[in-house]
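The sequence and structure are shown first.

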Amino acid sequence: MTNQTLQMTAQTLSEQCQYVSCTLNNGVAELILDRPGKHNAFDEVMISEMIQVLEYFGHNPQCQVLILKANGKNFSAGADLNWMRKQATMDFQQNLSDANELAKLMSVLDKFPKPTIAKVQGAAFGGALGLICCCDIAIANERASFCLSEVKLGLIPAVISPYVTRAMGQRAARRYMLTAERFKVQKALELQVVHEVADDLDAAAEPIITALLANSPQGMAWAKSLLSTLESGVIDQATLDHTSERIARIRVSDEGQEGLNAFFDKRSPDWTIANGSIDKNNSAASAQGAK
């Protein structure tokens with residue numbers, strides 16, 4: 001991420017992108033898949049643009065929450081057909097480089113240092129399901145449907161598999177990756193791929209966004225980082241030492257001290273948003289917690 005990129009506005013960045021757009025208002029950033037004529041199918045261009053926007057907002061202290069959404073009838077049909085034709089003509093090294101970019105996108109979204117919310121409408125197939133599972137919170141409408149169709153094409157959902165399996169569990173992943181069957185939103189809710197089903201995605205997201213904006217930016221960043229270290233489920237001495245170190249370190253941090261003092265003083269902490277601007281620059285705190 002160059003200084004020049006960091007200095008540009010979200011509007012300028014959005015204007016430079018071909019297949020995505022982005023906005024930033026009152027601490028809430030939006031990354032919008034904006035290729036509705038192709039059902040937001042993605043290729044190497046869209047992947048590159050999504051990475052650029054995520055890195056921009058990840059380093060932007062004015063961004064406190066990120067919304068991932070899509071224009072049009074469907075969230076995303078998955079891989080673009082022309083992109084897939086191109087992949088079929090590539091050799092191994094070219095395919096590896098191509099796959100590494102998709103893997104980078106998933107990792108950047110999964111490790112994004114601020115809370116992320118996916119708003120899902122209509123179809124979310126293949127890699128799109130991976131994007132949803134990389135987000136912290138997912139809300140979908142009644143029309144939403146999901147599919148891991150790769151084996152129908154003689155392929156596998158390799159790059160997205162860690163995130164999808166983490167969300168739905170190994171047992172469910174075996175079924176849906178092997179059968180390639182389409183499943184509806186109520187099944188996705190049952191599998192914890194989505195957290196909530198609502199006809200009005202914006203209205204459903206509003207109280208969640210409000211709650212997130214009231215929280216400590218550093219606390220949320222560090223909580224995400226902490227959770228990433230606990231995914232194995234192993235609770236050994238190293239786990240105990242790590243969790244103890246984390247709580248001790250955040251208690252003595254500036255933001256931890258501010259939060260505790262504000263609670264005891266019965267006042268709002270100084271990270272809350274006032275008049276449409278963030279009072280406290282939280283980029284350094286977020287970055288430290290993401291280590």
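In this predicted model, the axes of helix 5 (residues 92–110) and helix 6 (residues 127–134) come within 8 Å and cross at roughly 25 degrees. An angle under 35 degrees counts as roughly parallel, and helix 5 and helix 6 are therefore roughly parallel to each other. Their crossing is right-handed. On the side of helix 5, the contact is made by Leu105, Met106, Leu109 and Asp110, which meet Gly127, Gly130, Leu131 and Cys134 of helix 6. Five of these residues are nonpolar, two are polar and one is charged.

Helix 6 also packs against helix 7 (residues 161–168), at an angle of about 60 degrees and with the axes 8 Å apart. These two helices are therefore oblique to each other, and their crossing is left-handed. Here Leu129, Gly130, Cys133 and Cys134 of helix 6 meet Tyr163, Val164, Arg166 and Ala167 of helix 7. The contact has six nonpolar residues, one polar and one charged.

Helix 11 (residues 217–228) and helix 12 (residues 237–252) pack with their axes 12 Å apart, at an angle of about 170 degrees. Helix 11 and helix 12 are therefore roughly antiparallel to each other. Helix 11 contributes Gln218, Gly219, Trp222 and Leu226, while helix 12 contributes His242, Thr243, Arg246, Arg249 and Ile250. By class, this contact of helix 11 with helix 12 has three nonpolar, four polar and two charged residues.

The count of salt bridges comes to 14.

| Salt bridge | N to O distance |
|---|---|
| Lys69 and Glu30 | 3.6 Å |
| Glu55 and Lys104 | 3.8 Å |
| Arg246 and Glu245 | 3.1 Å |

The salt bridge of Glu55 with Lys104 links distant parts of the chain, with Glu55 in helix 3 (residues 44–59) and Lys104 in helix 5, 49 residues apart. Glu55 counts as partly exposed at 24% relative accessibility, and Lys104 as partly exposed at 36%.

Finally, a network of salt bridges links Asp110, Arg166 and Glu231.

Terms used: Residues are numbered from 1 along each chain as its sequence is written. This is a predicted model: local features need pLDDT of at least 70, side-chain atom pairs count only at pLDDT 80 or more; totals for chains, interfaces and linings use all residues. Side-chain values use heavy atoms; hydrogens and water are left out. Axes are lines fitted to C-alpha atoms, for helices over the stretch in contact, and angles run from 0 to 180 degrees between N-to-C directions. Helices (H or I, at least four residues) and strands (E, at least two) are DSSP runs, numbered from the N terminus. Angles under 35 degrees count as roughly parallel, over 145 as roughly antiparallel, 65 to 115 as roughly perpendicular and the rest as oblique. Contact means heavy atoms within 4.5 Å. Ala, Val, Leu, Ile, Met, Phe, Trp, Tyr, Cys and Pro count as nonpolar, Asp, Glu, Lys and Arg as charged, and the others, Gly among them, as polar. A crossing is left-handed if the near helix is turned anticlockwise from the far one by less than a right angle, and right-handed if clockwise. A salt bridge is a side-chain nitrogen of Lys or Arg within 4 Å of a carboxyl oxygen of Asp or Glu. Buried means under 20% relative accessible area, exposed over 50%, partly exposed in between (1.4 Å probe, protein chains only).
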